[in-house]
Amino acid sequence: MPNWFPSLADWSWLDTRIVITAGLAAMACALPGNFLLLRRQSMMGDALSHAVLLGIAVAFLTAHGLQAAGILSHDSYDATRHAVMFVGAVVVGVLTAVLSETVRKLGNVEASAALGVVFLVLFALGLLLIRLYADRVHLDPDCVLYGTVETAAVDGRLIRVNGAMLAVNLLLVGLLFKELRLAAFDPGLATTLGVNAGVMHYGLMAVTAATLVAAFETVGSILVIAMLIVPPATAYLLTQRLWLMVALSLVVAAASALLGHVAAIVLPPLVAGLLGWDSNVGASSAGMMAVAAGALFVVAVIVSPQQGLVMRVLRRAGLRVRIAEEDLLAWLYRAAETLRAQPATQSAADAPDTAPPNDPLRPGWLWQQLALRRLVRRGQVQRTESGPQLTPSGHQAAQDLVRTHRLWESYLQRHFGDLPGERQHRSAHQMEHYISPEMREELAAELDRPRHDPHGQEIPPPAEQDSESL
Amino acid sequence: MSVRRALLGFALAIGVALAGTNFPLAAGEHHTPGSPPSAKSSATVADLSDRARSPDWTTRLVNLLTLRDYNTRIVLAGTALLGVAGGVVGTFMLLRKRALVGDVVSHAALPGIAIAFLLAEALAPGEGRRLEVLLLGALVAGLVGVGCVLLIRRFTRLKEDAALAIVLSVFFGLGISLFTIVQDMPSGNVAGLQGFIYGKAAALTALDVKVISICALAALVLAAALFKELSLLCFDEGYAAAQGWSVVGLDLLLMGLVAFVTVIGIESVGLLLVVAMLIVPAAAARFWTDHLPAMTLLAALLGGASGLLGAGVSALAPRLAAGPVIVLAAAVLFGISMFFSPHRGVLARVRERRRLTRRIKRQHLLRTCYELLESGGESITADEATVSLAALEADRDWSRQQLQREIAKAQRDGLFRRTSTDCICVTPRGLDEARRVARNHRLWELYLIEHADVAPARVDRYADLIEHVLEPEVVALLEQQLAGHDPHLQEVPASPHKIASTAATP
């Protein structure tokens, strides 16, 4: 049993609460994140997560000022602070969107630069305020930036806040699903159908900012962007249906919260052990949750059913094997043909149609062996003492291939007659794998069913017709 | 020629950078060996802020302006170099429309710093805090981050913005986690590393500035040497590829420069804000010029100025952290540029638009006068002609006040003369101008009828839109086009449609 396992044995109700809190926050963030991602405004999430700091700082200072002025009792301080914080964040969120749009339009500045200028200035203001008054209002910039899920999970308030935010977001997405989908995929159509683009845009910004504020105490205002964009991006790779993407993003968000916390407990002792230090160390859960989300994303990149790297490699390998098989069939057919024509004047070496042994287009040895084994298994080729031989069904397939090849050569000869024969052969060598039977017969019809290709080789008749006539 | 000028500019910037690095170092060498000339020379952060708090405001200002303080000199040199390098590299990033990639590079640098610290501690305990090691880690991690962005774009169907956001957040999360691990390490507290996140300009040392100036010099020399290629990349990617340049290679090189700037700024403004030095000065410089070398130079100047300004303000008021103040200083320069630059500035464009509306109003007024005179059967060839205000008011949907204002303005320019309260007299100059305006209008109308098959009833509206911006060359072309059509072309041709205002004339 690995020596890090005991570290998980200490799992307590606190760990469960941390995972639930963070999971709720991550799921609440992932919902608006889906639409940011589809609207290609992911960096807007980054900008908002930075700029919201100003709203938080101003809210803290306002609440503190009210308390200091005696307007606010100590009991209502926390509640007021949170209310002000939400309002401040929503205002700053919309402000970021409005200001960057203003700078872009007024100054003719490129959109991403305008966004950068605005959110960095707001963030700098927030940072400045926090560091000016941090000691007075008990606001630690570290807590804002990285979150304090480990300590804050003790009381149930964060669970309630994040749960409420998740419920609100679910409700909004549920009610406005059609409008959101329309505005994300076809803003022009959305506008003509009466969906107000401006309201959708600024509404999304406001909801995102509010969600960020709800989540910042859990995962921190910067890591929140990991929860905003990474789970939807992961889901985006896995499906092409919007509702499924939204659902999957929720699953991924929850999973990254759980995995992140487990990793935060499990991994640091491992690293410390590797470096030869005392293994009594822990990592920030919020940070590890971002890393876990990233890890899930990488997994999706690799194994996604449609565009995953594995699927791509498999698809490409399948294509290569098919090409190798077809090349082998055609080669065997030509070899048999040359053997039959041996008494004629033309020697085998002169036949330009036969793939020469050192053909650069020839698939590699490994592919050839693989192709041979598959052909034998399918009964199109049989192994004999003098080498592989075509079976009747293999002969039919090969005949069609060679027919395609020579028809394409004839076609090239007719329309691009000045192409040298070698080039015609190369092109036909590639095209024979992609031309469907219907297209082959179209070619034949257009060329008035020629009997011989430009090199004087006979163009075999279609295999099925052949077998019918027999 | 422009490239040579730009190279000269870079040489100047490098010279500034060199001078900037040399004098604090030289000063340091003077001060450290012997007894310091003043107790202030070997100050640390703590006594910098203590000391800065003690003397009154004017003393601090004098100290700052005369550069008497060794520490102030170092801080100013460091931040100015950051601004210069950031401006130059940011110019290319802005024009490449990749302004936010810098944000990814700087956030991605965080795990690099932590890993470099851990590795160095593992290899040689106690060496982990060596600045060069940490900055090397930041550089490598920043480049790895950009590499990940490229990989995501290459192997998935996600767009650039999503790739940026993913890499930025995941790397930053990794960095935060590693920092908490480092914090729990027996070899101790992370105080020195924490400064990288928020910056600690006041605590820059001569060694830091040395590293900073080497990085800045490297970035500037690279940018100067590859100026032509980088501008090609920014303006015509396809042409660069056709010329045999690897676009990906050039992009990576540009990212390398960005990583250099990040490393320069990571100590003074911190990695959260350093990207501002890549975006804001360059965006500000864009307002002033359309010429790339000039823009590069100006961005360097603006960046340097904001570095100096910010660090200066922060030295005067030590409670204000330098990093955010530098960014805000850059933002102020950006705001000034956005509003007051002569061509692209907001004010200039507003002024331009107002001038156009004024001209449109003036020309409408004059053309109305002409049409009234013409339909009244008065001789327009006379020197002066009188138009009644009532008729004018009925013709244009202007209020009496508006009309009076326009007339007063035209009067000031000598186009009208006021004879009585309800009549105005159009002066010979005014008549000339009115004739020209009406002629332009009708030439365009004729052109539309002749060549664009527009119904005569509709041409008035279209001609209204274009008559104010008809240049003399265009008028000459119109005359040429319509030469065979109307024998009276040298005069004002008759209106091809019924003029609406005739109802108002008796």
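Predicted model: local features only at pLDDT ≥ 70, side-chain atom pairs only at ≥ 80, totals over all residues.

Residues are numbered from 1 along each chain as its sequence is written, chains are lettered from A and ligands numbered from 1 in the order in which they are written, and side-chain values use heavy atoms, with hydrogens and water left out.

**Where chain A meets chain B**

- In chain A, 62 residues are in contact with 60 residues of chain B (contact means heavy atoms within 4.5 Å).
- The size of an interface is often given as the accessible area lost when the parts come together.
- Between them, chain A and chain B bury about 5,400 Å², with 74% of it on carbon and sulfur atoms (buried area is the accessible area, taken with a 1.4 Å probe, that two parts lose on being put together, summed over both).
- The rule finds 10 residue pairs in polar contact across this interface, both residues at pLDDT 80 or more (a polar contact is a pair of N or O atoms within 3.5 Å; within protein, one must be able to donate a hydrogen and the other to accept it, and residues adjacent in sequence count only if both atoms are side-chain atoms).
- On the side of chain A that touches chain B, the largest share, 15 residues, comes from α5(A) (helices are DSSP runs of H or I with at least four residues, strands are runs of E with at least two, and both are numbered from the N terminus).
- The residues on that side of chain A divide into 41 nonpolar, 14 polar and seven charged (Ala, Val, Leu, Ile, Met, Phe, Trp, Tyr, Cys and Pro count as nonpolar, Asp, Glu, Lys and Arg as charged, and the others, Gly among them, as polar).

**The sheet in chain B**

- Three strands of chain B form an open, antiparallel sheet in the order β1-β3-β2 (two strands pair if DSSP finds at least two bridges between them).
- β1 (385-388) and β2 (416-420) of chain B are at the edges with a single partner strand each, so one side of each has no neighbour in the sheet.
- β1(B) pairs with β3 (residues 423-426) of chain B over four bridges, and I424(B) is the bridge partner of V387(B).

**The hairpin in chain A**

- β1 (residues 381-384) and β2 (residues 387-390) of chain A run antiparallel and are joined by four bridges.
- These strands, β1(A) and β2(A), form a hairpin with two residues between them.
- Opposite T384(A) stands G387(A) in β2(A).
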